[in-house]
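Look over the model first.

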Amino acid sequence: MTNGEILNDTLELISFRIGEQEFCLDIMAVREIRGWTPATPLPHSPPFVSGVINLRGAVLPILDLKARLGLGVAETSARSVIIVAHIGKRLVGLLVDGVSEILAAERSAIQQTPNVGCDTVSRFVRGIVAMEGRMISWIELDDILPEQENAEAA
Amino acid sequence: MDPMDAIKQTYFQECDELLASLEEGLLALEAGEGDADTINAVFRAVHSVKGGAGAFGFEAMVEFAHVFETTLDLMRSGKLDPDPDSLKVMLRASDVLADHVQAAKGEGVVNEARARAMAAELEALASGEAPKAPAVEEAPAPAKDEWGFTPLQFDFGQLDSAPSSGWRLTIRPTKTMYANGHDALLFLRELSRLADIEVTLDDSALPSSDAYDPETPYLNWTVSLPDTVEEIAIRDVFDFVGDDCPIELVRLESPPPPPVSAEPAIAAPALAVEAPAVESSQGEEKGADKGAGAAKGATVASGGATIRVDLERVDRLIDLVGELVINQAMLAQRVAESGAARSSTIAMGLDELEQLTREIQDSVMAIRAQPVKSVFQRMPRLVREIAGTTGKQVRLVMEGEATEVDKTVIERLSDPITHMLRNAIDHGLESPEDRVAAGKPEEGTVRLAALHRSGRIVIEVSDDGKGINRPRVREIAVNKGLISSDAVLTDDEVDNLIFLPGFSTAATVSNISGRGVGMDVVKRSIQALGGRIVISSVPGKGSTFTLSLPLTLAVLDGMVISAGDQTLVAPLTAIVETLRPRPEDVRPLGPSSAVLAVRGAHVPLIDIGVALGLRNKPVDPTTGVILLVESEGGGRAALVADEIQGQRQVVIKSLEANYQRVDGVAAATILGDGRVALILDVEAVVEKRLHERHAPLAKAS
């Protein structure tokens, strides 16, 4: 999230797992992390929209990040985690397998997303953080809501 | 926000209120209900608008307001009769002034020619009485000349040529002025910035020390200013204290004595009491502000003190109370699940909590409730304009302006009312000639009324025109293929045809109601708010449109149902009846659809679970429950749900805030178990199913 980036060289990122892969988000975009609660499915919505839950009185849409990234549909369990993040003025819940840690990465250490000829990768991966032999994809949230949404949110 | 912008916003808010009271006052005068106070209020409204406009440099507005004010001043001093003709001019002038305010807000443009013509008309009105115009007007004239207009021609040149060598200003502070934290020293300092001044202290009123009251001001000052200083600049220094610090401003060596003698009337409080009508602009400056405040208070709640609160804060409060209601419901459910007896102290405590929560909710909703007046007051102007364009004579009668309804509803009432009024005048009322021929008065009457009826607000728009021309409506509907030519329709059904999309009865498309949107749009927007609209018409006597709306859009009475594995809420307003069908009433029709026989009629069956994509196959209707709903255009459909869980008031939560609109879903709510339940958009569900004729019923979403 651009509004979360302070003009310094170090980024704070929250890393999380989806299947075998590791991803991260700018910590400034994250509002809270909570456990899984069953979502109310929404009619006529894309498969990666799991539904809506009650976040202290607000209706929060839950996006299955695994499905959104084309990695298959997430199987929810008691260990699944919802990362509540800002996208513009909206709040969305991102369903992931588990949150790992908070990372500090030098901005200069972030590598450009390699071109793997995959549309979802180029669309949702903002860059790559290489650290201690791990590769963590930095997720771009701006495009993550369903299509028609982006026109409005812009 | 820039502080200046904030002040400007406040000014615009005040302007809206002032314009409303201006129009209200003029209408009262026109109806013959006004008195001297009304005229004063009207004058003050224009004056205050002008005052602020001057401060922000909206020169065109100042210029116009000044002309308007001059004319009103004549009326105020009894030099101009408030007869219907002059009031009509003034009403139109108030429209132009409103245009100026809009333009200043950056939300419109002023039709220059119209404004100029209006100003000329006002001047003509004023000068018609000019010979009798009092000297009071003379003194302000030269100062106002700087704005580039000629308020009264006769005194203008005379004063300009008058030799003068300066101003003598007497300042008499009052106790209130000091009590309000003003200081005479500041005025003197301010005046000294205008020019070199000479100040004389008048301590003649100072008593001996034993009679001295520390809180009574005894000192007066007399200030001499050169005549290079504009009068308005001097008066502006005292703009903020007004009556609290009467001043006496005299132009020295000014030959005509009238201004001199008239002016003191402004200042000395004693004189002002004796001759309130001769109060001149300075005294008025303050009076105007007070008047605006008082008028506001009086309209909102007679006598009670009011405060202005940021709407966001109220909305936040309402959200929080909504959460409280949900929380309380959750708590109650938990306690019930825990098996506590109803007589246990905890259950009784919860009952009390429930009552309190309900009361809090009601009170909070009452805060947001507003009289429909804010919408109604825009209508007289609209009616005047439409009447002008159509060449019809219209009298608008408004009733129940004080009827209160939630702000969210008010905001959305304006368009439907506007449209219905347009329709009533354009299509309902006959031309004056036709009216006379029909034995009716030339002037048509349109009535706009608001009232509360069984927990809903009802808005009625009726006219005494020709009524709905049923043969013509029928003919159009047939021509447009909306009905078949041999359809047998009752009068009511014919009347309701005008709500069908694509229907317009005007033979020629006028620019008033024929804007490409018809009554179907009105109906749709009303229904989107959970409202209904009905029409009744008597040929030759007129038509009445009645629309009813829920009092709030924050809560809704719903029926909690289940379909698939989901719990859903259906708005009660949409449901005509619920029933459990007998097997013989369900008849298959076509490959995959079925109809239900209800008292002789056959209505299509729609499985809610399938319609929302919650399951692939419809349940057997006989095992479920039928919600008989009425759709747009009066058509009925039978929605099949698995079961009805109960009826309850739910707090409406927007899906769009964090997500987007979802087809078939009006909004969401949070149930007692803390889960989100979707509120059905019954119209959309029915429309969608009935218009997807080619799609198989069992289509998976």
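Q: Which ring does A:R68 lie over?
A: The model is predicted. A charge counts as over a ring if CZ of Arg is within 6 Å of the ring centre and within 35 degrees of the ring normal. A:R68 is 3.9 Å from the centre of the ring in question, and that ring belongs to A:F48.

Q: How far from the ring centre of A:W138 does the charged end of A:R126 sit?
A: The charged end of A:R126 sits over the ring of A:W138. The distance to the centre of that ring is 4.2 Å.

Q: How many aromatic pairs are there over all chains?
A: Rings of Phe, Tyr and Trp pair if their centres lie within 6.5 Å. By this rule the count over all chains is seven.

Q: Is the pair of B:Y11 and B:F56 stacked, edge-to-face or tilted?
A: The two centres are 5.2 Å apart. Stacked needs planes under 30 degrees apart, and edge-to-face needs over 60. The planes of B:Y11 and B:F56 make 40 degrees, so the pair is tilted.

Q: How many residues apart are B:Y11 and B:F56?
A: B:Y11 belongs to helix α1 (residues 3-30) of chain B. B:F56 belongs to helix α2 (residues 36-56) of chain B. The pair links distant parts of the chain, and the separation is 45 residues.

Q: Are B:Y11 and B:F56 buried or exposed?
A: Buried takes under 20% relative accessible area. B:Y11 and B:F56 are both buried.

Q: What share of the residues in chain B is buried?
A: Chain B has 701 residues. Its secondary structure comes to 25 helices and 22 strands. The buried share of its residues is 47%.

How values were computed: Residues are numbered from 1 along each chain as its sequence is written. Chains are lettered from A and ligands numbered from 1 in the order in which they are written. This is a predicted model: local features need pLDDT of at least 70, side-chain atom pairs count only at pLDDT 80 or more; totals for chains, interfaces and linings use all residues. Side-chain values use heavy atoms; hydrogens and water are left out. Rings of Phe, Tyr and Trp (its six-membered ring) pair if their centres lie within 6.5 Å; planes under 30 degrees apart count as stacked, over 60 as edge-to-face and the rest as tilted. Helices (H or I, at least four residues) and strands (E, at least two) are DSSP runs, numbered from the N terminus. Buried means under 20% relative accessible area, exposed over 50%, partly exposed in between (1.4 Å probe, protein chains only).
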